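The structure comes first, then the terms as they are needed.

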Amino acid sequence: IAGYVLKNIIPDQLNGISSSTNSTLRNMALAIIMIRAGMGLDLKKLRENASMMGILSCVPCICEALTVMCITQLFFESYNLTFGLLLGFCLADVSPAVTTPLLIDFHENGYGTSKGIPTILLAAGSVNSVLAIVFYSVVWEFAMSGTLDGEKLGEIIGVKLFVQIFGVGVGAGLAAGVVVSYSWTAAGKAWKRFMLMFLVAMALLFGFKRIGHGGGGTLAVLTFGATVQHL
């Protein structure tokens, strides 16, 4: 309500907020959300349903992108198939800032926890973001050059997919979680522990975004929270 009032009723109240400041504030909120989500993951259920998580992270993304591509062909004559698919992968990216709070609420209220549904969807949504970025990059390369050779395709998949998911998302998040776990006792007070986790999450999210691995950074914060909670 406050945001609506500031934007629509009281004129020029938000004009002073630059796009970079806006992005920084949103990413800080996202980091807190993903820490909370990671600490709420049920790792046992996630291991038991790893294949289901994999299916949910890629199949809906691809189907949504293809559906959007078909719709653009019906309603937008200027769109060819390639640009329709680009739009599809833009829309197919699941925003963790939107879905995660809802899934955390489900988890806290016990909805679907016996089958691990909130945990599966939390992990699948984070991986989905990385996959959407990778698929978008593949289609973009083809749209701009008209061809896509094997070397370029391997570079996109190798760097943007495997490095972001396994190297950044799992590896960096796990390493940061282990380090913080060993520092947990030394931190002592609750506010110090919060600041420790918050600052590490900021470093993961903004650091990897800086080098072009934003999707992996989000997944790394999720892994970081889960590692601190369960180690």
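## Cavity

On a 1 Å grid over the protein atoms alone, a cavity is a set of points where a 1.4 Å probe fits but cannot get out; a pocket is an open set with protein on both sides within 12 Å along at least five of seven lines, and lining residues have an atom within 4 Å of a point. Grid points are joined across faces, edges and corners, and a volume is the space filled by probe spheres set on the points. The model is predicted: local features need pLDDT of at least 70 and side-chain atom pairs count only at pLDDT 80 or more, while totals for chains, interfaces and linings use all residues. Residues are numbered from 1 along each chain as its sequence is written, and side-chain values use heavy atoms, with hydrogens and water left out.

By this rule there is 1 cavity of 30 Å³ or more. The largest cavity has a volume of about 30 Å³. Its lining consists of Pro96, Thr99, Thr100, Leu103, Leu121, Leu122, Gly125 and Ser126. Helix H6 (96–108) and helix H7 (117–145) are the elements that give two or more residues to this lining. Helices (H or I, at least four residues) and strands (E, at least two) are DSSP runs, numbered from the N terminus. For residue classes, Ala, Val, Leu, Ile, Met, Phe, Trp, Tyr, Cys and Pro count as nonpolar, Asp, Glu, Lys and Arg as charged, and the others, Gly among them, as polar. The lining of the largest cavity then has 4 nonpolar, 4 polar and no charged residues.

## Largest pocket

The largest pocket holds about 510 Å³ of space. Its lining has 19 residues, of which Leu41, Leu43, Leu46, Val170 and Thr223 lie nearest its centre. Two or more lining residues come from each of helix H3 (43–48), helix H4 (50–75), H7, helix H8 (150–187) and helix H10 (214–230). H10 gives the most, with 6 residues. By class, the lining of the largest pocket has 15 nonpolar, 3 polar and 1 charged residues.

The expected span of a helix is 1.5 Å times one less than its number of residues. For the 21 residues of helix H2 (residues 19–39) this gives 30 Å, and the end C-alpha atoms are 30 Å apart, which agrees. Buried means under 20% relative accessible area, exposed over 50%, and partly exposed in between (1.4 Å probe, protein chains only). The buried residues of H2 are Ser23, Asn27, Leu30, Ala31, Met34, Ile35, Ala37 and Gly38. They cover an arc of only 155° around the axis, so they are on the same side of H2; the arc is that of the directions from the helix axis to the C-beta atoms. On the face of H2 turned away from its buried side are the exposed residues Leu25 and Arg26.

The 26 residues of H4 should span 38 Å, and its end C-alpha atoms are 38 Å apart, which agrees. Buried in H4 are Met53, Ser57, Cys61, Ala65, Val68, Met69 and Thr72.

## Aromatic pairs

Rings of Phe, Tyr and Trp (its six-membered ring) pair if their centres lie within 6.5 Å; planes under 30 degrees apart count as stacked, over 60 as edge-to-face and the rest as tilted. A search of the whole structure finds 5 aromatic pairs. In one of them, the rings of phenylalanine 106 and tyrosine 111 have centres 5.9 Å apart and planes at 75°, so the pair is edge-to-face. Phenylalanine 106 is partly exposed, at 30% relative accessibility.

Tyrosine 136 and tryptophan 140 form a stacked pair, 6.2 Å centre to centre with 15° between the planes. Both residues of this pair lie in helix H7, 4 residues apart, about one turn of the helix. Tyrosine 136 is partly exposed at 27% relative accessible area, and tryptophan 140 is partly exposed at 40%.

## Selected residues and distances

Isoleucine 120 lies in helix H7 and counts as buried at 6% relative accessibility.

Methionine 39 is found in helix H2 and is partly exposed, with a relative accessible area of 27%. The C-alpha atoms of methionine 39 and phenylalanine 224 are separated by 8.4 Å, and the residues are 185 apart along the chain. Leucine 102, in helix H6, is partly exposed at 47% relative accessibility. Its C-alpha atom is separated by 22 Å from that of glycine 216, 114 residues apart along the chain.
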